[in-house]
Amino acid sequence: MQRNYTKMRDIKVPKPTIKRIAMYNRFLTQLKEEGVEKTSSKEIAEALNIKASQVRKDLSYFGEFGKRGVGYNVEKLLSKIHIILGTERVWNVAIIGVGNLGKAISHYPELEKNKFKIVSAFDVDKRKVNSILLPGVVIKHINDLKEDIKKTNFEIAILTVSPSAAQPVTDLLVEAGIKGILNFTPVTLNVNEDVVVENVDFVISLKTLTYEIISKAGRSFEDQSNSEEDRVF
């Protein structure tokens with residue numbers, strides 16, 4: 001009996017699985033644009049440098065997809081993944097903090113292509129407030145946030161403010177009824193259990209990258225220790 005993949009409240013899915021599902025979405029979209037009608041777990045795995053068994057395991061959380069020996073219909077699998085990720089419809093998004101990073105994100109073309117539409121923007125800088133960020137999007141003062149969320153119905157906030165402003169602004173967002181925050185600040189945000197926070201930290205990613213580089217070079221932790229005092233027991 002096939003599991004109903006639309007009822008996911010009770011399914012505990014690991015976050016790495018969700019991130020891979022999003023990667024499958026991107027690869028399948030590419031295949032669809034190229035006119036490819038069928039694919040396989042092996043083909044998906046090879047494209048993303050993972051194991052085919054991992055692809056099958058990830059999809060199994062949400063039901064049965066494709067047939068053994070036949071593979072997956074690209075369009076049908078893509079449609080089901082859109083439902084899993086919630087991207088079968090458009091999500092309204094607000095940029096909070098319109099500095100260089102906020103502006104760059106707002107002009108990223110892949111956002112709208114992937115059903116994320118910037119509908120609002122906020123800042124405290126008087127030089128930016130009332131200026132145009134995007135066609136139809138005027139930068140408002142952060143004090144107007146509560147009123148604006150009622151009008152534009154944005155559900156996701158992309159937070160690119162200074163570290164000192166991160167939590168106070170988050171408190172405003174939570175009070176206004178935000179559902180999710182993409183946090184680009186280095187601050188651990190305190191929110192209630194109804195709000196989802198996804199942290200994006202370039203420095204942590206870079207340090208993860210440097211670890212992988214030295215690991216591939218065959219350097220171990222012990223190799224870096226200069227003395228007994230440096231070692232942790």
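## Basis of the model

Residues are numbered from 1 along each chain as its sequence is written, and side-chain values use heavy atoms, with hydrogens and water left out. Because the model is predicted, local features need pLDDT of at least 70 and side-chain atom pairs count only at pLDDT 80 or more, while totals for chains, interfaces and linings use all residues.

Helices (H or I, at least four residues) and strands (E, at least two) are DSSP runs, numbered from the N terminus. A residue is called buried under 20% relative accessible area, exposed over 50%, and partly exposed in between (1.4 Å probe, protein chains only).

Helix H3 covers residues 52-60, and its buried residues are Ala 52, Val 55, Asp 58 and Leu 59. Seen down the axis of H3, these residues fall within an arc of 125°, so they line one face of the helix. The arc is that of the directions from the helix axis to the C-beta atoms. The cover over the buried residues of H3 includes helix H1 (15-33), helix H2 (41-48), strand E2 (72-73) and helix H4 (74-85). Contact here means heavy atoms within 4.5 Å.

## A nonpolar patch

Leu 206, Leu 209 and Ile 213 make a nonpolar surface patch of about 300 Å². Patches are made of residues with over 30% relative accessible area and no salt bridge; like charges are joined within 9 Å, and nonpolar side chains (Val, Leu, Ile, Met, Phe, Trp, Tyr) within 5 Å. Accessible areas come from the Shrake-Rupley method with a 1.4 Å probe, and for residues only the protein chains shown count as cover.

Leu 206 belongs to helix H9, residues 202-216. Leu 206 has a relative accessible area of 51% and is exposed.

## Positive phi angles

Most residues other than glycine have a negative phi. Asn 49 is not a glycine, yet has a positive phi of about 60°. Asn 49 sits in the loop between H2 and H3 and is exposed, at 71% relative accessibility.

Lys 115 is not a glycine either, and has a positive phi of about 75°. Its place is the loop between helix H6 (110-113) and strand E4 (116-123). With 30% relative accessibility, Lys 115 is partly exposed.

## Salt bridges

Side chains of opposite charge can pair when their charged atoms come close. A salt bridge is a side-chain nitrogen of Lys or Arg within 4 Å of a carboxyl oxygen of Asp or Glu. The whole structure holds eleven salt bridges. One of them joins Glu 33 and Lys 113, at 3.5 Å from N to O. This pair links distant parts of the chain, since Glu 33 is in helix H1 and Lys 113 in helix H6, 80 residues apart. Glu 33 is exposed at 55% relative accessible area, and Lys 113 is partly exposed at 48%.

Lys 113 also forms a salt bridge with Glu 110, at 4.0 Å from N to O. Glu 110 and Lys 113 are three residues apart in helix H6, so about one helical turn separates them. Glu 110 is partly exposed, at 30% relative accessibility. In another salt bridge, the closest N and O atoms of Lys 146 and Glu 175 are 2.5 Å apart. This pair too links distant parts of the chain: Lys 146 is in helix H7 (residues 145-152) and Glu 175 in helix H8 (residues 163-176), 29 residues apart. Lys 146 is partly exposed at 34%, and Glu 175 is exposed at 56%. Lys 15, Lys 19 and Glu 198 are linked in a network of salt bridges.

## Aromatic pairs

Rings of Phe, Tyr and Trp (its six-membered ring) pair if their centres lie within 6.5 Å; planes under 30 degrees apart count as stacked, over 60 as edge-to-face and the rest as tilted. There are three aromatic pairs by this rule. One of them is the tilted pair of Phe 122 and Phe 154, with 6.0 Å centre to centre and 55° between the planes. Phe 122 lies in strand E4 and Phe 154 in the loop between H7 and strand E7 (156-159), so the pair ties together parts that are 32 residues apart in sequence. Both Phe 122 and Phe 154 are buried.
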